[in-house]
Amino acid sequence: MAIIESEFMELTKGLDLEAFWAENEQCRAFTTDKPRCMLSFSPDDHWIFEFVDVPSTLRYYHDKPYRDALHQSVNAVTLEYVGRAFFREDTWEHSPKRIENLFGCEFSYRENSTPWLTPVTRDPDEFSRVLDRAEAIDVRAWALPEPYLQEWEQRKAQGKPLPKLGGGSRGPATIMTSVLDTDIVSFWLYDHPDLMRRFRDILAKGMIELNTVLREFSGNERLGWYILDDNSHLFSPTLYREFCFPVLQRVMETLAPGDAPRGQHSDSAMGHLMELQYELGIRNVNYGPTVDAGLIREKMPDAVIRGQMPPFLLRNGRPDEIRQRVIDDFKKAGATGGLEVTTAGSLAAGTGVGRMRWFMQVVQEECRYDA
């Protein structure tokens, strides 16, 4: 049973979905010469599991027909109540290699959970050997497994759309804390800095090689890079400068050169790293809910701010609390036209379509430039 909050449905009974999204398309540019702020949603697998109380997460990840049918049923609900379908109804069974796989880090699957990348070792000597193996891999030959290539060719022969690959990935902090346990990363940055610098340098080289292969294979000629790096908040500015900044600098100089778009998503408290991110040329940000919209605008005056609604406020808050937060963020960061209203991080699991509609209606009423 989908989550449809009756109180919020009553509040939004006059919302015209077609008109809302038609106007939303006019609101993308970084300018005040538009009707209002743009709004977007980012539901993911966490969200879908709670939205319809999925009986088996394992089956969702391993059974394509089941997954596609679930997406189809959820899309039917969101189309009816929100006016948008968010999930692919013809999902892929296979995928290219991920950068974490270069270091032997693979997904573990457990019931009632999303996939989790399993750290490879807690022993520095063994990790040195892991890095030896990573350096020896021919990334071009390794990046595209045969089952994925076969699925690609089947879809191509059927005339189905094919994705443009290599436009972004997890960022270095989150990659490091997936390949190694978070506490190990924290200790080894001090106890084994040379080993971690080697990890950093192999990671940067591998990210460039892997994504260059993916771009060439899929015909992706669009320059730009988007980083998903929730765990970057664990690094102090000094440690970020030494162990993360060089990775991103090398990757973006290659894959997002010049004025090509550079963006960062992080669900976490990124405020202490904004100056470094700005120095890297990042101009599209979706930071965690504790990072104040006004501070982001102060530190990043020409950045598109995607936020800053706290996900749990949208999920749990009263209508007036949600409205006031939208108003406050618009006052702090919307004056120049560079605010895209969305959740600061992902859409929280347990958020229903009634609250999504209320968010839409409040933005439509309170974030206008043509008033």
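This is a predicted model: local features need pLDDT of at least 70, side-chain atom pairs count only at pLDDT 80 or more; totals for chains, interfaces and linings use all residues.
Which strand is Gln308 found in? Gln308 is found in strand E8, which covers residues 304–309.

Gly307 and Gln308 are joined by a cis peptide bond, with omega at about -5°. For background, most peptide bonds are trans, and most residues other than glycine have a negative phi. That second point brings me to two more residues.

Asp53 is not a glycine, yet its phi is positive, about 50°. Where does Asp53 lie? Asp53 lies in the loop between helix H3 (45–51) and helix H4 (57–62). Asp53 has a relative accessible area of 61%, so it is exposed.

Asn112 is the second one. Its phi is about 65°, again positive, and Asn112 is not a glycine. Asn112 is in a loop as well, the one between strand E2 (106–108) and strand E3 (116–118). The relative accessibility of Asn112 is 66%, so Asn112 counts as exposed.

There is another loop to point out, between helix H2 (17–24) and strand E1 (38–39), and Glu25 lies in it. Is Glu25 buried, exposed or partly exposed? Glu25 is at 43% relative accessibility, and therefore counts as partly exposed. Glu25 and Met38 are 13 residues apart along the chain, and 7.8 Å separates their C-alpha atoms.

Now to the inside of the protein. The largest nonpolar core has 108 residues. Which residues have the most contacts inside it? They are Phe103 and Phe235. Helix H11 gives the most to this core, namely eleven residues.

Take Phe103 on your screen. Not counting residues up to four places away in sequence, Phe103 touches Val120, Val130, Leu131, Ala134, Val179, Phe199, Ile202 and Leu203. One of these, Val179, is also among the buried residues of helix H9.

Helix H9 covers residues 172–179, and eight of its eight residues are buried. They are Pro172, Ala173, Thr174, Ile175, Met176, Thr177, Ser178 and Val179.

Back to helix H11, this time with its neighbour H10. Two packed helices are described by the angle between their axes and the distance between the axes. For H10 (residues 182–191) and H11 (residues 193–218), the axes come within 6 Å and cross at roughly 115°. That angle makes H10 roughly perpendicular to H11. Which residues make the contact? From H10 they are Val185, Trp188, Leu189, Tyr190 and Asp191, and from H11 they are Pro193, Leu195 and Met196. By type, the contact residues of H10 and H11 divide into seven nonpolar, no polar and one charged.

Further along H11 we find Asn211. Asn211 has a relative accessible area of 4%, and buried means under 20%, so Asn211 is buried. What does its side chain reach? The side chain of Asn211 reaches the backbone oxygen of Met207 at 2.8 Å. Setting aside neighbours within four places in sequence, Asn211 is in contact with Gly166, Gly168, Trp225 and Leu255.

His265 sits in strand E6, residues 262–265. With a relative accessible area of 11%, His265 is buried. The side chain of His265 makes a polar contact, at 2.7 Å, with the side chain of Asn286. Apart from neighbours within four places in sequence, His265 is in contact with Tyr226, Ile227, Leu228, Asp229, Asp230, Asn286, Gly345 and Ser346.

Which helix holds Leu70? Leu70 is in helix H5, residues 64–81. Its relative accessibility is 12%, so Leu70 counts as buried. Leaving out residues up to four places away in sequence, Leu70 touches Ile48, Val52, Val54 and Tyr60. Between Leu70 and Tyr60 there are 8.3 Å from C-alpha to C-alpha, and the two are ten residues apart in sequence.

Asn211 is buried, His265 is buried, and Leu70 counts as buried. That is where I stop.

Methods:
Residues are numbered from 1 along each chain as its sequence is written. Side-chain values use heavy atoms; hydrogens and water are left out. Axes are lines fitted to C-alpha atoms, for helices over the stretch in contact, and angles run from 0 to 180 degrees between N-to-C directions. Helices (H or I, at least four residues) and strands (E, at least two) are DSSP runs, numbered from the N terminus. Angles under 35 degrees count as roughly parallel, over 145 as roughly antiparallel, 65 to 115 as roughly perpendicular and the rest as oblique. Contact means heavy atoms within 4.5 Å. Ala, Val, Leu, Ile, Met, Phe, Trp, Tyr, Cys and Pro count as nonpolar, Asp, Glu, Lys and Arg as charged, and the others, Gly among them, as polar. A nonpolar core is a set of buried Ala, Val, Leu, Ile, Met, Phe, Trp, Tyr and Cys residues joined through side-chain atoms within 4.5 Å. Buried means under 20% relative accessible area, exposed over 50%, partly exposed in between (1.4 Å probe, protein chains only). A polar contact is a pair of N or O atoms within 3.5 Å; within protein, one must be able to donate a hydrogen and the other to accept it, and residues adjacent in sequence count only if both atoms are side-chain atoms.
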